[in-house]
Amino acid sequence: MNEINHKTVFVLDHSPYFGISAESMLELVGLGPPTAPPISKSLWTCSVEASVEYCRIVWDLFPSGKLIRFVVSDSAAHIVNTWTSGTQNLSHIVNAMAMVGVPPRATSQTAEYSVIHGLRAAVEALAEPTDFQKEQMVLSKTENCKLVNRGRVICITSARDDASMKSLEDIFHTVLIQQNTIAAQHPEFLKVDHCHFVIINLYPCNMESHVTNRPVVDVSPVLTSEIHSIRAVKISNKLTHLILLHYDLASTTVTGIPMKEEQNASSSANYDVEIFHGRRAHSVFLGTELVLPRSLKEGAEYETVTLKWCTPRSCGSSEMQPCLALHRITPVDVTSRPSSCLINFLLNGRSVLLEMPRKSGGKITSHLLSAHGGEIFIHSLNVSRSSLEDLPSISEGMGGRVTDYRITDFGQLIKMSKLVPLKPLPEPNVRYLDENLLKTRTRLSKKTRYWPLTLGNTVLYNVRTFVEPILTFTQKEELNDEEVLQCKQAIYNIVALETRHDPLPLPNMGNRLKGVKKDEQYRLLWSELETVISTSGKSLGHKAVLSCLRECRTRSSHDPIIDKTSEMDTLDAASLRASVIRATTDSPLSPPVVGDVAASRKRAFSTGGGTRSLLDIFIAADRAQSQKRVDFSGRLCTPPGQIAKLYPQLGLKDNNSKETELKLGS
């Protein structure tokens, strides 16, 4: 077993400093003299309780394969247990801690107490092989494979400042290197390939720490370390958070558990119980429509998923549920009454379903709590299509939703990208094979640079009949003159459609195209065409088609009729096949010949054909209305070539009035 969780060593500082009070818990009133000290926990008690609870959670979830040892360090290192299975249990640990006792009082020899003695013993413990590793050592010799030895050391101590903590880390690193040197000379020891060193600095509540927290860093190829500085009363929460990271666990809070009151059996209340289990019980739902209701647990540093209690089912219901994952559980607060009632309820053969919300609204039963063989497990239930049903067809999406995938186009892409084996070469030529494989990958990458998965998200592939020459010929490495002309003619056809304000025939209106106006549809079509041509190739033919498209796109936004005389002359001179001409120019949606543009516009005005635009109709109506009115009289009286003067008597009136005023004044 090569994982780092196979071997863990706790090093507990047992120096006199750990005998001081962590926090006052209860003052005794009326019992003894008034100067009696309050009842309190020491730093040593807090560290032992938290580390033992760490072991309980690990051994509840992993009955085998996860070994934990304890080393107590004061003036010397005291080994609490070994790697043998007989000492890997809580009873042995608790009894041994009781024999160790409280930390000694401070004396003149206090300087001899140090946690370094325990760190040396911890490194030696990591070098000792476990029973499982002894079996692997035998197999590694016969099968010629290397045995990897990894482990973790969790040291609970107290330091003055960051410099003292750095010195402690350097000493541990030096001891680790020395032990590896010894292991290379003695076959009964194993080399420590990697060690995870976790330092937890404790200090009382009435003091402040000068040690800074530090995340995981790589000290050397064989050592990574991290530092946590916390108050002694919060060490239990810190180790609970660390155990989730060390063993890849997750937290679930079962809420809404109905439970009768202990004082009044006729009434009931709802309680919450937090449990730990493997993280995959939640991660198995990633990518589905379920939303994990995560929230930060109050007073802790980790997140918990809240699931609601459902009505319990019968004993055999757990055997009928489709299950995706199965993990052991353990309550976080094992001594609380709600946790005890839930555990006893499940051990009596009952099963409990748990609910969680959907993205689309509503709830679904996603987990099941049930006991098997005296052990309780959380089951992650299948919330999508059952594995017992028929598999969905290729035209169905995840969960059976019908979608508009481009299945036909994908089939054509597969045919175009088909690979065939080469003929056997006289001599192996790896370079030649690698070059062919590189060319194939490059060609496939070029074809799929722009490839929408569904028809509802594209305009270009919905009007394939108008742009077929472009989609077909631009996939080639080189384009000849005839293919370039056909691509240009397809571009002119689109320009004519846009000029006549004809809507695009889009049978698959997806979410992207719903409610989109005609101008926006043409804009999307031009953008997709430019993307396809620009990513298809860099030959002269590709550049000519791309230049034509950009020129037509720019000019069509300013001039509704484009002069294509030179292009059409070139097209006539090429003498294309009749089938090609019929497919490109005889179409009812093709633009009229440029030489007949003026004649066609005159016929449109005279006959009122359907090719007239709204502007043409408005101009014709205005002309017809103007012919019914009498022309301006001034224009009729004015000789040809001169400008008719509006209000000719206006100047004469002003002159007459001035002459009258002069006569009266004289």
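Q: How many disulfides does the count come to in this predicted model?
A: In this predicted model, a disulfide requires a pair of cysteine sulfur atoms within 2.5 Å. By this rule, the count of disulfides comes to 0.

Q: Is Cys323 buried, partly exposed or exposed?
A: A residue is called buried under 20% relative accessible area and exposed over 50%, with partly exposed in between. Since Cys323 has a relative accessibility of 38%, this cysteine counts as partly exposed.

Q: Which residues of helix 2 are buried, and where on the helix do they lie?
A: Helix 2 spans residues 90–100, and its buried residues are Ile93, Ala96 and Met97. Seen down the axis of helix 2, these buried residues fall within an arc of 100°, so they line one face of the helix.

Q: Which exposed residues does the face of helix 2 turned away from its buried side carry?
A: The buried side of helix 2 is covered by elements including strand 1 (7–13), helix 1 (43–61) and strand 4 (67–73). On the face turned away from that side, the exposed residues are Ala98 and Met99.

Q: Which helices each supply at least two residues of the lining of the largest cavity?
A: The count comes to 2 cavities of 30 Å³ or more, and the largest cavity holds about 50 Å³ of space. Its lining includes Ala50, Glu53, Ser236 and Leu239. The helices that each supply at least two residues of this lining are helix 1 and helix 6 (235–246).

Technical notes
Residues are numbered from 1 along each chain as its sequence is written. This is a predicted model: local features need pLDDT of at least 70, side-chain atom pairs count only at pLDDT 80 or more; totals for chains, interfaces and linings use all residues. Side-chain values use heavy atoms; hydrogens and water are left out. Buried means under 20% relative accessible area, exposed over 50%, partly exposed in between (1.4 Å probe, protein chains only). Helices (H or I, at least four residues) and strands (E, at least two) are DSSP runs, numbered from the N terminus. The arc is that of the directions from the helix axis to the C-beta atoms. Contact means heavy atoms within 4.5 Å. On a 1 Å grid over the protein atoms alone, a cavity is a set of points where a 1.4 Å probe fits but cannot get out, and a pocket is an open set with protein on both sides within 12 Å along at least five of seven lines; lining residues have an atom within 4 Å of a point. Grid points are joined across faces, edges and corners, and a volume is the space filled by probe spheres set on the points.
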